[in-house]
Amino acid sequence: MSSIDYDLKRIRGVVFDIDGVLSPSTIPLAPSGEPMRMVNIKDGYAIQLAVKHGLHIAILSGAKTQAIDVRFRGLGVTDVFLGAAVKLPVLQQWMRDRGLSPEEVAYAGDDIPDLHVIGHVGLGVAPADAAPEVKQAARYISPYAGGYGVGRDLLEQIMKAQGLWLDDRHAFGW
């Protein structure tokens, strides 16, 4: 049974911010000054499984690091939007391109640039350590901090509700 108060069977698309959601809020810097990011392997497993089951998964971030693009495209995510200083127009175009209504979309974000986006989708999600304003706007607050399983938490609950979690051969491989 899901801990999310939303009809998860309606969700066809899930969009994730990176920093503070799929990676921790604290980012080490390389000697060159480039931000480095950690990712959660269990989030990655759930993302690639969701893609295999036909859920529309997108990454929407203000970050511009090539490593993000490489990581998530490697998991099968074809919609990776980086350098999005203002996220709502990008989300709206993605939804039009994919034929998704707001009620069919979940968005996970953690900070002020995510507020407008969270308010535009059916299921707004915040990590446990999100900014207070984001937590207030979100419909669901994950018990996990950013970078420590937020993606897995959300996707596992959606796929369980839809009967897709561990249901076939896709579940036992990458």
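At what angle do the axes of helix H1 and helix H6 cross? Here are my notes, and keep in mind that this is a predicted model.

1. Start with the two helices. H1 covers residues 41–52 and H6 covers residues 150–161. Their axes cross at roughly 35 degrees and come within 7 Å. Those are the numbers to look for, since two packed helices are described by the angle between their axes and the distance between the axes. As for handedness, H1 passes H6 in a left-handed crossing.

2. Now see who does the touching. On the H1 side, the contact uses Lys42, Asp43, Tyr45, Ala46, Ile47, Leu49 and Ala50. H6 brings Val150, Gly151, Arg152, Leu155 and Met159.

3. A search of the whole structure turns up one aromatic pair, and tyrosine 45 forms it with tryptophan 165. The pair is edge-to-face, with 85 degrees between the planes and 6.1 Å centre to centre.

4. What does that pair tie together? Tyrosine 45 sits in helix H1 and tryptophan 165 in the segment after H6, so the pair links parts that are 120 residues apart in sequence.

5. Last, have a look at the largest pocket, which holds about 160 Å³ of space. It is lined by 14 residues, and the closest to its centre are Asp17, Asp19, Lys87, Asp110 and Pro113. The lining divides into six charged, four polar and four nonpolar residues.

Definitions and conventions. Residues are numbered from 1 along each chain as its sequence is written. This is a predicted model: local features need pLDDT of at least 70, side-chain atom pairs count only at pLDDT 80 or more; totals for chains, interfaces and linings use all residues. Side-chain values use heavy atoms; hydrogens and water are left out. Axes are lines fitted to C-alpha atoms, for helices over the stretch in contact, and angles run from 0 to 180 degrees between N-to-C directions. Helices (H or I, at least four residues) and strands (E, at least two) are DSSP runs, numbered from the N terminus. A crossing is left-handed if the near helix is turned anticlockwise from the far one by less than a right angle, and right-handed if clockwise. Contact means heavy atoms within 4.5 Å. On a 1 Å grid over the protein atoms alone, a cavity is a set of points where a 1.4 Å probe fits but cannot get out, and a pocket is an open set with protein on both sides within 12 Å along at least five of seven lines; lining residues have an atom within 4 Å of a point. Grid points are joined across faces, edges and corners, and a volume is the space filled by probe spheres set on the points. Ala, Val, Leu, Ile, Met, Phe, Trp, Tyr, Cys and Pro count as nonpolar, Asp, Glu, Lys and Arg as charged, and the others, Gly among them, as polar. Rings of Phe, Tyr and Trp (its six-membered ring) pair if their centres lie within 6.5 Å; planes under 30 degrees apart count as stacked, over 60 as edge-to-face and the rest as tilted.
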